[in-house]
Amino acid sequence: MSKKKAKITALEGAEMTSEGLSYKGVILQPIVEKCEGCERAVPFEDQKYCPSYAQPESKWKHGVCNFATHVRASVDKEGKVKVNPLKASKRAARGR
Ligand code: SF4
């Protein structure tokens with residue numbers, strides 16, 4: 001049996017408010033450009049939202065999003081953080 005949590009594919013019960021999208025008592029902000037390709041982003045109306053992180057923009061301000069499924073951060077020899085796109089095959093292997 002898989003221990004993986006069921007993936008959220010729809011923001012059921014979400015409601016648009018003046019502050020943002022209200023989902024389970026949390027206000028979600030739309031995803032940012034860097035989130036494109038991430039499997040966690042869920043479409044709602046004409047935007048996409050992240051059920052894992054309510055404010056994707058501030059998440060990326062502090063570096064690479066640690067919930068991202070499409071990129072992985074690594075630190076090179078000079079101590080700089082590099083963002084590596086994950087290969088589809090690696091993503092599939094992680095699902096095992
Ligand atoms: S998990 Fe991170 S990268 Fe993926 S949509 Fe959410 S904030 Fe964006």
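Which cavity is the space taken by the ligand? In this predicted model, for which local features require pLDDT of at least 70 and side-chain atom pairs pLDDT 80 or more, while totals for chains, interfaces and linings use all residues, the ligand takes the space of the largest cavity. Residues are numbered from 1 along each chain as its sequence is written, and side-chain values rest on heavy atoms, with hydrogens and water left out.

Grid points are joined across faces, edges and corners, and a volume is the space filled by probe spheres set on the points. A molecule sits in a cavity if more than half of its atoms lie within 2 Å of its grid points. By this rule, one cavity of 30 Å³ or more is counted, and the largest cavity holds about 70 Å³ of space. Its lining comprises 13 residues, with Cys35, Cys38, Cys50, Trp60 and Cys65 nearest the centre. The lining divides into 11 nonpolar, no polar and two charged residues, where Ala, Val, Leu, Ile, Met, Phe, Trp, Tyr, Cys and Pro count as nonpolar, Asp, Glu, Lys and Arg as charged, and the others, Gly among them, as polar.

The shell around the ligand, in which a residue is near if one of its heavy atoms lies within 4 Å, consists of Ile31, Cys35, Cys38, Arg40, Cys50, Pro56, Trp60, Cys65, Phe67, Ala68 and His70. This shell contains nine nonpolar residues, one polar and one charged.

The protein chain has two helices and seven strands, taken as DSSP runs (H or I, at least four residues, for helices; E, at least two, for strands) numbered from the N terminus. The elements follow the order β-β-β-β-β-α-β-β-α from the N terminus on. Along the principal axes, the C-alpha atoms of the protein chain fill a box of roughly 45 × 35 × 20 Å. Of its 96 residues, 25% count as buried, where buried means under 20% relative accessible area, exposed over 50%, and partly exposed in between (1.4 Å probe, protein chains only).

Strands of a sheet pair through backbone hydrogen bonds, in either a parallel or an antiparallel manner. Three strands form an open antiparallel sheet in the order 1-2-3, pairing being assigned if DSSP finds at least two bridges between two strands. Strand 1 (15–16) and strand 3 (26–28) are the edge strands, each pairing on one side only. Strand 1 is joined to strand 2 (residues 21–23) by two bridges, and Met16 has Leu21 as its bridge partner in strand 2.

Ala68, a member of the ligand shell, is located in the loop between helix 1 (56–61) and strand 6 (71–75). Ala68 counts as buried because its relative accessibility is 10%. Lys34, in the loop between strand 3 and strand 4 (42–44), counts as exposed at 52% relative accessibility.

Most residues other than glycine have a negative phi. Lys24, by contrast, has a positive phi of about 50°; Lys24 occupies the loop between strand 2 and strand 3 and is exposed at 68% relative accessibility.

Technical notes:
1 Å grid on protein atoms, 1.4 Å probe; cavity = no way out; pocket = protein on both sides within 12 Å on 5 of 7 lines; lining within 4 Å.
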